[in-house]
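The following briefing is set out by topic. Please read it alongside the sequence and the model.

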Amino acid sequence: MDKEQENRELEVKEESTQTGTEGETGKRPSGGSAFEGIYDMLPDISIRSLDRFILLCVIALVLVIVFGVLKANHVFG
Amino acid sequence: MEKSLNMKKIVSNNAIIILIVLLAILTGCTTQNFFTVTNFKNLVVNVSPRFIIACGVSGCLITKGTDLSAGRAVGLAACLSAMMLQSLDYSARMLPWMPDIPWPVALIVVMAIMGCFGGVNGVVISVLKVPPFIATLGMQTIIYGLCSLITNNQPMGGYKPSYLTVASGSLGPIPYLMLFAVVIGIYFWFLYNKTRHGKYMYAIGGNENAAQVAGVNVRGSLIRIYILAGCMYALAGFLVGAKAGGASTATGNGYELEAIAACTIGGVSANGGVGKVGGILIGVLVFEILKICLQFLGVDPAYTYIAQGLVIVIAVALDLRKYLQKK
């Protein structure tokens, strides 16, 4: 029984020392960044919805270029 | 089925590049003089200094940092070069007492000065632990203020012919500017892939804490990265000044965003730890080809800005997609 108690105490001690070292290494050694974990901070996004967004942006890009070219050629007067 | 999946992957990974190539083909077919040697040289001359700036910024991005002072640093470097390399017989010399200096000496002096600014950025970020976004934003304003102060907000010109030749001259068909870019490209490729510094840089970008625990000198590496970035802005500023034949406080304005965007398009992840020199070159080329194509098509510059913005958004979204796929 005493041995069991000793073992438990040892385990508790080991855990506390482990969390201590984690806490030390967990500190940022240098300055954070605007980009630090930027993607982790985003809410859950599915790849499918991101694909839709990319497609939308590509369509917008094409439209902007087409509109710009048409305007440069005085299609809109 | 597998082939179609592969095709889909290739298309989604290179969507912007495919779009720009299509745009270049369309521009070439509908306008005159697009696929000419002169236009190619023009592209090379425009890309070279931007590629050098992007190489400088890439180190900061790979280590999860950024450098918003790049554009203003380019401007200050161009102004310092101008002050040292004005013709002796030019009536409106900024520094009349300045002796005749060969351009390589001026370049070394400018690189040393800008390297010091980079070093300050590195120390502030790695030792004082200030977030790179804030540290370099402050440095951007400080450099702009210094530039205004030393030039009295006067544009400078009247350069020595030897300085102007750096931008206008060529070795056979190859412009000197391209040679500078090629040398820098090879140097960065070697630095990123074959040296301990490169490995440390990727390790810091991947996981800074793990890198430090593994024995990487994070502080030293970050300071070196920012010093190198400062030297690259100096070289780019020197070349931009020679190319333009003049410099002012407005020189280099907004170049930092172009460089960051080009890096993102070229696959330098905004999440750090990823990026190749080849990708950076592709990113700069994509941006510049887009601009030239729209110029040839006679598109209003306002539309060009909108298109550039959309390209940046697509690049970041594609980068995020890769991250989510890995996750």
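B:Asn153 lies in the loop of chain B between H6 and helix H7 (161-168); helices (H or I, at least four residues) and strands (E, at least two) are DSSP runs, numbered from the N terminus. This is a predicted model, in which local features need pLDDT of at least 70, side-chain atom pairs count only at pLDDT 80 or more, and totals for chains, interfaces and linings use all residues. Residues are numbered from 1 along each chain as its sequence is written, while chains are lettered from A and ligands numbered from 1 in the order in which they are written.

**Positive phi in chain B**
- Most residues other than glycine have a negative phi.
- B:Asn153, a residue other than glycine, has a positive phi near 60°.
- B:Asn153 counts as exposed because it has 10 C-beta neighbours inside 10 Å; the cut-offs are 20 or more other C-beta atoms within 10 Å for buried, 12 or fewer for exposed, and partly exposed in between, with C-beta atoms placed from the backbone.
- B:Lys129, in the loop between H5 and H6 of chain B, is not a glycine either, yet its phi is positive at about 60°.
- B:Lys129 has 14 other C-beta atoms within 10 Å and is therefore partly exposed.

**Helix H3 of chain B**
- The 26 residues of helix H3 (residues 37-62) should span 38 Å at 1.5 Å a residue, and the 35 Å between the end C-alpha atoms agrees with this; the expected span is 1.5 Å times one less than the number of residues.
- H3(B) has a kink of about 30° at B:Val47, shortly before the proline B:Pro49; the bend is the angle between axes fitted to the seven residues ending at a residue and the seven starting there.
- B:Lys64, with a positive phi near 65°, follows H3(B).

**Contact between the chains**
- In chain B, 43 residues are in contact with 28 residues of chain A, contact meaning that C-beta atoms, placed from the backbone, lie within 7 Å.
- H14(B) gives the most to the side of chain B that touches chain A, with 14 residues.
- That side has 28 nonpolar, 9 polar and 6 charged residues; Ala, Val, Leu, Ile, Met, Phe, Trp, Tyr, Cys and Pro count as nonpolar, Asp, Glu, Lys and Arg as charged, and the others, Gly among them, as polar.
- Chain A has 2 helices and 0 strands, and 13% of its 77 residues count as buried.

Notes:
Contact = placed C-beta atoms within 7 Å.
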